[in-house]
Amino acid sequence: MRDFIKVCLGIIIAIFLYTSLSKFLPRLIYLLNLFSLVVIYFAIKKDEIFGACLGASCGLIQDSLSLGVFGVAGLSKTITGFLAGYVSKKIDLLSFLRLFIFIFVLLSIEFILWALLSSLIFSERISLGKGLILFQPLSTAFVGSLIFYMLGATKIKT
Amino acid sequence: MTLFFKEKKSLIILIALILAQFILISIQLPGGSERNYFEKAVFSIFSPIQHGIVSFFRSIGNLWKNYFALRHVQSQNQEMKEQIFFLRQENNLLQNALQKFRTEKEIQDGLLEVHKNILLAEIIGLDVSNFFKSAIINRGSIHGIRKDMVVLDEKGNLVGRVISPISLREARIQLITDNESGVGVFSQLKGVSGVLAGDGNGMCSFKYVLATNKDIREGEGVLTSGREGIFPSGIKVGKIVSIAKDTSLFKEIKVEPYFDIRRLERVAVIMKEPTEIF
């Protein structure tokens, strides 16, 4: 029950931050993937099944709040959540640099998957936000690793 | 067999989730832009949450804002009085112009209808994947919102139209800056017509103007033509900012919309087509 409340709180914070940022600093939205951070955080804390299920839920919420093909974000976040939970069990994420690289690789995979699904399969033009979106994995990984480090996300596993 | 499932449990769940989402995606293909029931359900659950979060923080923000607003209320009041004065003059002039075509009673009834059919709504969220695509408003089916209703900003400039999903108290609007939006438009000076499509980055393209056309200029305003049957004609859309020669048959014309997504807080939803009113 406590985990469920924590997850709900994480999603609510992501929605709130997204809504606030889009009002005051709209360009920042291209640089931060807040829903993915929630997925990766809880996937590291729990396991790959939890990560995949949360990834699917968060992705579908993101899809429902945006105009596009419903399920694209769901699919890419499911894989991200699964990989985050699975790989985090195998490697040591105690150092900041490792954590940063880990999140960066995950987010890059997610971004490539999302872009491929959106533009190649569904021939939907993706908005690059004047190229800013290409930096999204890097900037999100930096912010994410800072937050995770402060919250001690990797402490339980190691 | 049981051991196999135990060992591969996580992989099986992952494959099941991926398959479920592929099915979800493929369901949408025959429907095209029509939203499926599952998406409508997710939207109906999460848009009120977003609505609640935004309302809560907006009310806190408003408390602070109201305190400062009180300090400027007198000068603001004076400014507004001046604005009302000019708006009344404008209104009178327009009414006089209309009287050439209609009787006074017809005009008064028409204006009353216009007033009754404008619904004020607030933007509670922007598109999470690209904020130039769509937005969510705090009015839904319970308030009489229907698909394809026209949405304008505070100054009466075109913002977009209502699209599905529409929940009880929330609805989604497609912005004219979305790359899948299409609006019939014409240029203000010489009436060159074409189709306005968003580029997904906050700007629009005025399409299908022949490269040989010399009647269109930079800085010119763009209005809706009403040819697509959704937007009534004569609504202000934007301004032409650049005209370039394309390699194709047509010119490459960039239009900057008049509405500003960053300042978009309140919008007006036209509950009826103005042609139905007047």
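Along its sequence, chain A follows the pattern α-α-α-α-α-α-α, and the chain holds 7 helices and 0 strands. Helices (H or I, at least four residues) and strands (E, at least two) are DSSP runs, numbered from the N terminus. The model is predicted, and local features therefore need pLDDT of at least 70, side-chain atom pairs count only at pLDDT 80 or more, and totals for chains, interfaces and linings use all residues. Residues are numbered from 1 along each chain as its sequence is written, while chains are lettered from A and ligands numbered from 1 in the order in which they are written.

Of the 158 residues of chain A, 52% count as buried; a residue is buried if 20 or more other C-beta atoms, placed from the backbone, lie within 10 Å of its own. Among the contacts in chain A with a separation of 6 or more, 70% come from residues 24 or more positions apart. Two residues are in contact if their C-beta atoms, placed from the backbone, lie within 7 Å.

Within chain A, helix α3 (residues 34-45) packs against helix α7 (residues 136-151) at an angle of about 45 degrees, with the axes 11 Å apart. Axes are lines fitted to C-alpha atoms, for helices over the stretch in contact, and angles run from 0 to 180 degrees between N-to-C directions. The angle makes α3(A) oblique to α7(A), because angles under 35 degrees count as roughly parallel, over 145 as roughly antiparallel, 65 to 115 as roughly perpendicular and the rest as oblique. The crossing of α3(A) past α7(A) is right-handed, that is, the near helix is turned clockwise from the far one by less than a right angle. To this contact α3(A) brings A:S36, A:L37, A:I40 and A:Y41, and α7(A) brings A:T140, A:G144 and A:F148.

Between the chains, 31 residues of chain A are in contact with 36 residues of chain B. On the side of chain A that touches chain B, two or more residues are given by each of α1 (2-24), α4 (48-64) and α5 (72-90). The most come from α4(A), with 8 residues.

In chain B, a closed barrel of 6 strands runs β6-β7-β8-β11-β10-β9 with antiparallel pairing, and the twist averages 40 degrees from one strand to the next. Two strands pair if DSSP finds at least two bridges between them. Strands β10 (residues 236-245) and β11 (residues 251-257) of chain B pair in the antiparallel sense over 7 bridges. The bridge partner of B:A244 in β11(B) is B:E252.

Definitions and conventions:
A residue is buried if 20 or more other C-beta atoms lie within 10 Å of its own, exposed if 12 or fewer, and partly exposed in between; C-beta atoms are placed from the backbone.
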